[in-house]
Amino acid sequence: MNFGLKDTSLITILSSEHGRLRREQRDIDKRDLKKALKYGTREKAWGQRWKIEYDGITFITDSTMRREVTAFPSPLPNVPTDSIMDSEHLLAKLVLDQKPELSTTHTVIVIDNSGSMLDKKNDIHLYRDSQNAAFSFTALEFVAEQVLNNTAVNSDLVSLIKFSDKPSVEFSREPIDWIMYNKILTHRNTDKFVDRKDAPFHDLWFGKSNFIPALTKANELLKEGHHDQCALSLFFFSDGQSTDHKTRGVSYEESIKMMRDIVSNMASVFGESLTICAVGLGNRDDEFRPLKEIADAAAVAGAKGLFERCERTAHSITSAISSLVTSTTETRLALQDGRRKGYTQRTDLISEKEATVKTRWKFYRILEHFVYDPRVKRLWRSPLLPLGVAHTSEASMRKHKPPYLAINSNSFRCRLSDSQNPSHFVFSDMVAKETKDVERFEEKRDFHEGFAETQDFANYLAIQFNQHLKCIPYYSAAGTPLLRFVGCSVLMIEDPDCFNSERYVLVEKMLDTERFRWTKWNDNNGMVDGMKKHIPIDVDFELRQLQKEQASNLVAIAEGDECSEDDSISDVETNSSSQKGGEAVEYETIQDINPSEYLQAFTHFTYRFTNKRVMVCDLQGVFNTDLVPPVIEMTDPAIHYASAKGRRMVYGRTDKGKAGMNAFFKTHKCTKICMYLHLSAKNKKWQRNWRQDSTQGVNFNV
């Protein structure tokens, strides 16, 4: 019988009640079956039945091909891969096993593999059972969606646990790619219905669905290779109640408490860097208390806890996975920006975007004034004016320091004042900065010391950069921009609401953002001119570094507090970022170069000038063209420090060390300024003790 020659509208199908029900549940239209009979491929199935496949849907009919028995989508196919893709996957895993600090996210996926997940009554629309749906959607929505959209790279890791009576780790800490997609699909159950139909009854008498050992194993995997910059997530799939109380011989309430204790411990260790998403596959009649308790315990203990009930629809599972991916991505970006998770946010501060300029001032008596002295490496009392106003013409006329600091309660502005009256304000506006975290607020002066040191060091390197600019073609003393980081001071003010009535505020010059646009030219994780990218690790480069370390059998050398000449510093500079030999340089008027080109070159310069030890980035501020020469005024920089001894976050939480340097060079393209400065030779004049040459260290008022 040649159905291909018949018109679709003439084909009559005597659909059984079962066939119509399956189409309604799975949204498969009857016309799809008619098209399948006309255009699809057919093969003999079990018994006298036929299997017809067309457009991703599989139809089972009787022996006459005129009565439909059932219908379901064809299984997701594997993605064709080759030996190169296999090799890239294995090498990326090798690198991340050796250098776990390079990982950016780690997701542990836990899927219930008990017999009830294979029961047809629990299947998801368009999927023959819950188990197939869980693995298929994990592969499609979690892996494929992120790979196709470039939102996941080879530094994003996944571990997979299947569990029933006991947990089984199928793979651990493997990078997200098409190899991962195929691996997840191989775990779908492929048993025929005749082999699966008794699974729920087997579970009832013999099988288990034990959550506690699965959660314990997930906790172990999350701890493997964990570091402060890695966002963690736990994705827990199940279709029903746990059997832990039966297995352990305890009450149901006791088993719930044990689950909560495990999750609470996880959340207390990892804080907000961890997202736990518990997914219940079922309808409103099903009780998912254990899953709800897991999500609630996570949220109470400081992590992000989500519970999603997926009522047998594809859309609901997609929504659950999307929520997990979004939360993990937000955490990754927050950690990359150096925002510490787990701190309690102060409620008495407003964000800069919400700040308004109103005349609501609160006055505080100034008790002490401190500036950072790099020679003694600490904040030091100063009898002079705060650096934010020390450069003004009015400062030279003052014979005494104003005794009060007025802070605008609706913005970040502050003013010095001769009395507790706005009419007695002196000097221009400054910016008052404090921590947003309750716990760090209690650190008082020490909190600001690291910030002041970073800003002072960055300004020292900016001065060196400005000196080198004099050697480039078309340099103009009046037209070539200068780079400058604003000086900062710390004021101890009298505040009755604080412990010992002491409060510490960092103050600095307020940049004129009304006349000049505030710009963030780069950040501490490879962003350039506002374009933030999720960059994969350079596997070839990292392998070369591992080989160098193994070949030379490096022994940790004694490292002082400051920069030292050390050939063991890894060269993270890539060929793509550097000027290629023999490339012609088109000279042009230096004033025509975008300010961003100076600043990207400055970051590159700091790396080379310090012989690959230090990199200044996270450059933000204004381009002040009112001054002659024009000045790029900046604040809040970050410094990456390449420690030969393995020290981390030497310059605070935004210091990513060699990893941060590597991220810069992955997006950096040398500007003309880089080429003019010939950023390649070793700097023999680099001073080991830069602090003695720091301008601020010589004169607090400069």
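User: Which element gives the largest share of the lining of the largest cavity?

Analyst: In this predicted model, helix H12 (314-336) provides 4 residues, the largest share of that lining. Strand E5 (105-112), helix H4 (130-148) and strand E6 also give two or more residues each.

User: What makes a residue count as lining, and which residues lie closest to the centre of the largest cavity?

Analyst: A lining residue has an atom within 4 Å of a cavity point. For the largest cavity there are 15 such residues, with Thr105, Gln146, Asp156, Thr328 and Thr329 closest to its centre. By class, the lining comprises 6 nonpolar, 7 polar and 2 charged residues.

User: Why is this space called a cavity, and how much space lies in it?

Analyst: The term cavity applies because a 1.4 Å probe fits there but cannot get out. The largest cavity holds about 110 Å³, and the whole structure has 2 cavities of 30 Å³ or more.

User: What makes E7 and E10 edge strands?

Analyst: The strand order is E7-E6-E5-E8-E9-E10 in an open sheet with mixed pairing. Strands E7 (167-175) and E10 (304-310) each have a single partner strand, so one side of each lacks a neighbour in the sheet.

User: How do you know that E9 and E10 are paired?

Analyst: Pairing requires at least two bridges; E9 (residues 274-281) and E10 share 7 bridges in the parallel sense, so the two strands count as paired. One of the bridges joins glycine 280 to arginine 309 in E10.

Technical notes: Residues numbered from 1 in each chain as written. Predicted model: local features only at pLDDT ≥ 70, side-chain atom pairs only at ≥ 80, totals over all residues. Heavy atoms only, no water. 1 Å grid on protein atoms, 1.4 Å probe; cavity = no way out; pocket = protein on both sides within 12 Å on 5 of 7 lines; lining within 4 Å. Points joined across faces, edges and corners; volume = space filled by probe spheres on them. Nonpolar A, V, L, I, M, F, W, Y, C, P; charged D, E, K, R; others polar.
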